[in-house]
Amino acid sequence: MSQPFTLPALPFDENALAPTISAQTVGLHHGKHHAAYFNMLNTLSEGTEFADMALEDVVTGSFGNAEMQKIFNNAGQAWNHILYWNQMQPGGADAPSGELASKINDAFGGLDSFKEQFTAAAVGVFGSGWCWLVEENGGLTIMGTPNAENPLAHGKHALLGIDVWEHAYYLDYQNLRADYVKAVLDNLINWDFVADRLSLR
Ligand SMILES: [Fe+2]
């Protein structure tokens with residue numbers, strides 16, 4: 001069986017995000033959950049129009065079609081977690097600067113206010129899903145999505161995405177989703193990576 005979609009290696013050691021996210025959580029999240037989405041995507045897409053597509057095109061091409069829901073779910077989660085890992089920096093950068101900082105000020109009234117609004121939105125995602133910082137019409141917005149959905153599927157551009165499925169935080173924070181989101185925003189985000197995505201549209 002061909003395996004066209006390949007799980008990228010973690011860009012850091014499994015223990016690199018501790019204590020904010022434990023090595024156990026990172027190991028399971030990447031090695032089991034993220035890997036499983038790729039495995040399932042390869043199984044589901046084999047012999048279909050999606051087999052040779054770029055992952056982004058599978059996400060946008062399968063979204064909104066009930067018959068393709070399983071492919072979308074797995075492609076979406078495969079894509080979502082690549083951004084999730086890549087935006088993380090052990091001992092993350094202090095704060096946004098330059099254009100990103102000014103856009104955050106314009107949209108949210110400053111970094112602290114952004115973190116509060118983002119955390120509230122993340123807590124407001126019912127059940128499993130994601131919370132995103134999105135660049136839209138030259139400004140920034142916060143977007144919550146259910147399950148595997150993401151801004152890409154909705155024709156929008158994600159700068160940052162926090163996984164709020166329980167597998168992302170339950171071992172470390174139990175039911176305290178807000179504490180997990182706030183800790184990631186405070187301690188792990190590579191704001192230079194986020195800023196670089198401003199020009200990636
Ligand atoms: Fe996840």
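**View 1. Contacts between domain 1 and domain 2.** In this predicted model, 20 residues of domain 1 are in contact with 23 residues of domain 2, contact meaning heavy atoms within 4.5 Å. Domain 1 spans 23-86 and domain 2 spans 98-199, with bounds from an automatic or database domain assignment, and their C-alpha centres lie 20 Å apart. Residues are numbered from 1 along each chain as its sequence is written, and side-chain values use heavy atoms, with hydrogens and water left out. Local features need pLDDT of at least 70 and side-chain atom pairs count only at pLDDT 80 or more, whereas totals for chains, interfaces and linings use all residues.

**View 2. Area buried between the domains.** About 1800 Å² is buried between domain 1 and domain 2, with carbon and sulfur atoms giving 68% of that area; buried area is the accessible area (1.4 Å probe) that two parts lose on being put together, summed over both. Of the area that domain 1 buries against domain 2, Thr25, Leu83 and Tyr84 supply 31%, more than any other three residues.

**View 3. The side of domain 1 that touches domain 2.** Zero salt bridges are counted between the domains, a salt bridge being a side-chain nitrogen of Lys or Arg within 4 Å of a carboxyl oxygen of Asp or Glu. The elements giving two or more residues to this side of domain 1 are α1 (23-45), α2 (55-62) and α3 (69-86), where helices are DSSP runs (H or I, at least four residues) numbered from the N terminus. With 10 residues, α3 gives the most to this side.
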